[in-house]
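Good morning, everyone; today I would like to talk about salt bridges, and I ask you to keep the picture in view while I speak.

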Amino acid sequence: MTKFKLKIASRRSKLAMVQTLWVKEQLEKNIPDLEVSIEAMATQGDKILDVALAKIGDKGLFTKELEAQMLVGHADIAVHSLKDLPTNLPDGLTLGCITKREDPSDALVVNKKNKIYQLESLPPGSIVGTSSLRRLAQLRYKFPHLNFKDIRGNVITRIEKLDSGEFDCIILAAAGLKRLGFESRVHQIIPNEISLHAVGQGALGIECKSDDKEVLKIISVLEDKVSSQRCLAERSFLRELEGGCQVPIGVNSSIQNDEITLIGMVASIDGKRLIKDESIGNIKYPEEVGKKLAEKLKLQGADKILSEIFEQFREK
């Protein structure tokens, strides 16, 4: 019997390859007559490492090259860290599957001299490394006495910079550390009260052509219903605010019985203004929950904060 062949487009970074190999293994395990290959490449976000992410612009920073491969027929699916996937996709492409989510929290990683501290007890002036405006804004709001410094590169590079003494601590996604085998470096899981996580953080999104029914059926075996409902609510919230991956917008979602609770925040980059609220609704309509929360924050001034941030980006 002829095997069905499926080609995955993936970023070349170690974390991306670990995630893509997991998808490959799971698909082949669940569908015996499937033969999966991987086409790895560098994206714009991987190539530009000497500029802060927010200054580059985030419209498909880590996804455009992968999407181009699908649109010209050189790949059937693309595997993304869902937090990197824009909420508005190119014509002809769709988010076909959301996998079971790892812990979406942010994590504190410290160098040896700071092992006695938690984030809340770091001495004034401690240098905290992060490339995320979302983390930066929330941490500045809570800890104005700390110093924040941009850090780029993959997870391993960032940990090397930390251990060399360039930073006192860095903030990374707990899920990425776990997938790369660095779970032992998680010094503290940062509570939601301090830092709400990125939209979709911890989940993988599998993108494919909207009209490719066979591929959509194949990848559906990896769909996790609960993770999908939570992430769809989060992505709807982000889309309604017209925010992007590099804007200070954070979320937390949970499901209990037939209800989904979504908490969201928008903050100014300087950390002086932070708006937070929540929305609760039926799990059958997760996107409505996200839209409702976005409207609540807009009424409290989220639009003004985001407009000011976008204006800053344009000036730069």
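Let me begin with E28, which counts as partly exposed because its relative accessibility is 27%, where partly exposed lies between buried, under 20% relative accessible area, and exposed, over 50% (1.4 Å probe, protein chains only). Please bear in mind that this is a predicted model, in which local features need pLDDT of at least 70 and side-chain atom pairs count only at pLDDT 80 or more, while totals for chains, interfaces and linings use all residues. Residues are numbered from 1 along each chain as its sequence is written, and side-chain values use heavy atoms, with hydrogens and water left out.

E28 forms a salt bridge with K24, that is, a side-chain nitrogen of Lys or Arg lies within 4 Å of a carboxyl oxygen of Asp or Glu; here the closest N and O atoms are 3.3 Å apart. Both residues belong to helix α1 (residues 14–30), four residues apart, about one turn of the helix, and helices here are DSSP runs of H or I with at least four residues, strands being runs of E with at least two, numbered from the N terminus.

Where does the salt bridge partner of R101 lie? R101 pairs with E234, the closest N and O atoms being 2.9 Å apart. E234 lies in helix α9 (residues 225–240) and R101 in the loop between β4 (93–98) and β5 (106–110), so the pair ties together parts that are 133 residues apart in sequence. Both R101 and E234 are buried.

By the salt bridge rule, the count comes to 14.
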